[in-house]
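Please look at the sequence and the 3D structure below. The report after them goes through some parts of the chain.

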Amino acid sequence: MLEVEGLRYKYSDGHEALRGINLRVSDGEKVALVGANGSGKSTLLLHIAGAFEVQSGKIAFNGHEGSEILREKVGLTFQNADDELLMPSVIEDVAFSLVASGMPPHSAHERAGEILATLGISHLSSRPPHRLSGGEKRLITFAGILASNPEILALDEPTAGLDPKARRRVINFLRETEKAVILATHDLDMALDVCTRAVILSGGVISSEGELPELFTDEKILETSGLELPLRFQS
C-alpha cells in the first residue's frame, strides 16, 4: 500500500504546489489524478515516484519511507517523453535500467523485446528514439518502466499524442495489469476505461474524490475544478 499523509511542497519561487495531500492507494488499485493545469498533479506524481524529496508530511510504501524505496517500487513516466530517451536505439533505451541494475545485456535486451512485443511495437526496436513520432516516443518510455517491473505505475499523461489504436493498446494493458496504477491525466474518458477511483486536485489540495464513474457524472464538481464532463457523458 502507498500512503501519502499531510504532503506539502513549495517551489523555490514561493509557490506552494501541494498543501496537505492525504492519499492511499491499495495494491493493484487504479486511481486517476485529475485537475486543471497547475492543480498539482505532476508535482504529486513526482513525489510518489521519489523524484522529489519530501519537505513536509510523509510518503510510505508498505510502511517504509524514503525516496530510495519509492524509486525502487514506483515506475514513472514524465509528461515530456524526450526527457526519458537516452540511448541510440529503442531496444537499448528500454533495456537501459536493467543493464544499469546489473543484468547481462543479452538478457536485458531479451526482456526489453518481450515488453515491446506486448505493446505491439517490436518493429521500432532498432530505430533511434529521437526520430520517432510523439506517440511512439511515449510508448517507448512506457516500455522502459515496464521492463524494470515496478509494483506501481505512476504515469503522467500516458495517452498524450497517441493515435486511437495505440491509445486503445495502452488502455487495454493498464486495465489488465495487476499492478497498482496512478494516472495523472486530462483524458477523463481514458481514466474511466482504466480506473475505479479518481482524485480531483485544485490549487494543491484534494477538492473531491470518489468512485468512478459516479464522480465524473457530477457536472457541478467537475466545473468547480475547471473540468468538463467526459465525452461519453456529453449530450
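## The model

This is a predicted model. The values below were computed from its atoms.

Helix α1 covers residues 41-48 and is mostly covered, with 7 of its 8 residues buried. The buried residues in α1 are Lys41, Thr43, Leu44, Leu45, Leu46, His47 and Ile48. After α1 comes Gly50, which has a positive phi, near 80°.

Helix α3 runs over residues 90-100, and its buried residues are Val90, Ile91, Asp93, Val94, Ala95 and Leu98. What do these buried residues pack against? They pack against two other helices, α4 (105-118) and α5 (134-147). α3 is followed by a glycine too: Gly102 has a positive phi, near 110°.

## Salt bridges

How many salt bridges does a search of the whole structure find? The search finds 12 salt bridges.

Glu3 has a relative accessible area of 18%, so it counts as buried, the cut-off for buried being under 20%.

Another salt bridge is formed by the side chains of Lys73 and Glu151, at 3.1 Å from N to O. Here too the pair links distant parts of the chain: Lys73 is in helix α2 (residues 67-73), Glu151 is in the loop between α5 and β7 (152-156), and the two are 78 residues apart. Is Lys73 buried or exposed? Lys73 is buried, because its relative accessible area is 19%. Glu151 has a relative accessible area of 39% and is therefore partly exposed.

## A network of salt bridges

Asp193 and Arg168 form a salt bridge in which the closest N and O atoms are 3.4 Å apart. Distant parts of the chain are linked by this pair, since Asp193 belongs to helix α7 (residues 188-194) and Arg168 to helix α6 (residues 164-176), 25 residues apart. Asp193 is buried, with a relative accessible area of 16%, whereas Arg168 is partly exposed at 34% relative accessibility.

Which residues are linked with Asp193 and Arg168 in a network of salt bridges? The network links Arg168, Asp189, Asp193 and Arg232.

## A negative patch on the surface

Asp218, Glu219, Glu223 and Glu228 form a negative surface patch. One of them, Glu223, is found in helix α8 (residues 219-224). Glu223 has 59% relative accessibility, so it counts as exposed, the cut-off for exposed being over 50%.

Ile182 lies in strand β8, which spans residues 180-184. Is this residue buried or exposed? Ile182 counts as buried because its relative accessibility is 0%.

Which residues is Ile182 in contact with, leaving aside its neighbours within four places in sequence? They are Leu2, Val25, Val31, Leu33, Leu45, Ile48, Ile152, Leu153, Ala154 and Leu155. Two of these contacts, Leu45 and Ile48, are among the buried residues of α1. Ile182 and Ala49 are 133 residues apart in sequence, but their C-alpha atoms are 10 Å apart in space.

Technical notes:
Residues numbered from 1 in each chain as written. Predicted model: local features only at pLDDT ≥ 70, side-chain atom pairs only at ≥ 80, totals over all residues. Heavy atoms only, no water. Buried < 20%, exposed > 50% of the residue type's maximum accessible area, 1.4 Å probe, protein only. Helix = DSSP H or I, 4+ residues; strand = E, 2+ residues; numbered from the N terminus. Contact = heavy atoms within 4.5 Å. Patch = residues over 30% accessible without salt bridge, like charges linked within 9 Å, V, L, I, M, F, W, Y side chains within 5 Å. Areas by Shrake-Rupley, 256 points an atom, 1.4 Å probe, with all protein chains shown as cover. Salt bridge = Lys/Arg side-chain N within 4 Å of Asp/Glu carboxyl O. Lys, Arg positive; Asp, Glu negative; His and termini not counted. Charge placed at Lys NZ, Arg CZ, Asp CG, Glu CD.
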